[in-house]
Amino acid sequence: MLPVWGTIAVMAGRTIAVLGGLAAERWGMFTTAQAERAGVSRKTLSGLSSSGAIRRVAQGVYRVAGSPEPDLEYICTPWLALGGATLAPAPSGAPAVVVAGESAAIAHGIGDFFPGVIDIMTPSRRTTRLADVRLRARDLRPHDVTFIDGLPTLTVERTIADLLEQWTDRSLVVDALRQAGEQGKLLSPRELASLLNPVATAHGATSGAECAEMLLQEAGLPPEAEVYDGGTATAVGRAPLGQHVGGRPRGQSR
């Protein structure tokens, strides 16, 4: 039979293994809710934190000792705290917690934005006590969201439209769009045009297509219909963004 201290050491080792498995999925971090689902109590977490085996980085969020600090920890931490890793998807199928606005632009590495208030979208209205976190209720579709190192984030196109909707300084929006095009991250100017339809009039355009074309021109990017794929722009026609190449809507057969 193992001595008492030996049994405790084995149990602690197993617990660390469980928490390490959770942390491996999300930047070396996990939440109290995840731990409890895995059978690890708050009391155990407190003890492990005191021993230095895990480190508390925010209310209800821990990082396993020795795990490298993720580049976007200041965004990942509130995302986890808000239940991003445990909440069921929205009815549309989109993730329940999505990084948006300037925070999304920073995650994409586009624009000249500085870390500040973390902008998060959820499918329904919520409140939070987390400092420097802003929650907005939006009905997102799955294709509005992409994953950056496992972090659900608005796509570049949806991010640009969101920045414009929030009345972000236009020059900053244009800079973000320019960098997205130069880095091969603007995958669908046509999708951008569609997303801009609701805000086009407020920004001096008659349609989302015209608004997108204006922004592309200001950014020094080709205004004609193109598909940006993996950093390579392949022209599919000379039609303006508001027109369909080949005379029919995309996806419609002859």
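How many nonpolar, polar and charged residues are in the lining of the largest pocket? By class, the lining has six nonpolar, six polar and three charged residues. Here Ala, Val, Leu, Ile, Met, Phe, Trp, Tyr, Cys and Pro count as nonpolar; Asp, Glu, Lys and Arg count as charged; the others, Gly among them, count as polar.

The model is predicted, so local features need pLDDT of at least 70 and side-chain atom pairs count only at pLDDT 80 or more, while totals for chains, interfaces and linings use all residues. Residues are numbered from 1 along each chain as its sequence is written, and side-chain values use heavy atoms, with hydrogens and water left out.

The largest pocket holds about 280 Å³ of space. A pocket is an open set of points on a 1 Å grid over the protein atoms alone, where a 1.4 Å probe fits, with protein on both sides within 12 Å along at least five of seven lines; lining residues have an atom within 4 Å of a point. Grid points are joined across faces, edges and corners, and the volume is the space filled by probe spheres set on the points. The lining is made of 15 residues. T32, A33, Q59, G60 and A81 lie nearest the centre of the pocket. At least two lining residues come from each of α2 (32-37), β3 (61-64) and α4. Helices (H or I, at least four residues) and strands (E, at least two) are DSSP runs, numbered from the N terminus. The most is given by α2, with three residues.

Helix α4 spans residues 73-81. The buried residues include I75, C76, W79 and L80. After α4 comes G83, whose phi is positive, near 90°.

The whole structure contains two aromatic pairs. Rings of Phe, Tyr and Trp (its six-membered ring) pair if their centres lie within 6.5 Å; planes under 30 degrees apart count as stacked, over 60 as edge-to-face and the rest as tilted. W27 and W79 form an edge-to-face pair, 5.6 Å centre to centre, with 75° between the planes. W27 lies in the loop between α1 (4-25) and β1 (29-31) and W79 in helix α4, so the pair ties together parts that are 52 residues apart in sequence. W27 is buried at 11% relative accessibility. W79 is buried at 1%. The ring centres of F30 and Y62 are 5.7 Å apart and the planes are at 20°, so this pair is stacked. F30 lies in strand β1 and Y62 in strand β3, so parts 32 residues apart in sequence are tied together. F30 is buried at 0% relative accessibility, and Y62 is buried at 10%.

Three strands form an open sheet in the order β1-β3-β2, with antiparallel pairing. Two strands pair if DSSP finds at least two bridges between them. β1 and β2 (54-58) stand at the edges with a single partner strand each, so one side of each is left without a neighbour in the sheet. From one strand to the next, the twist averages 35° (axes are lines fitted to C-alpha atoms, and angles run from 0 to 180 degrees between N-to-C directions). Four bridges join β2 to β3. A58 stands opposite V61 in β3.

Terms used
Buried means under 20% relative accessible area, exposed over 50%, partly exposed in between (1.4 Å probe, protein chains only).
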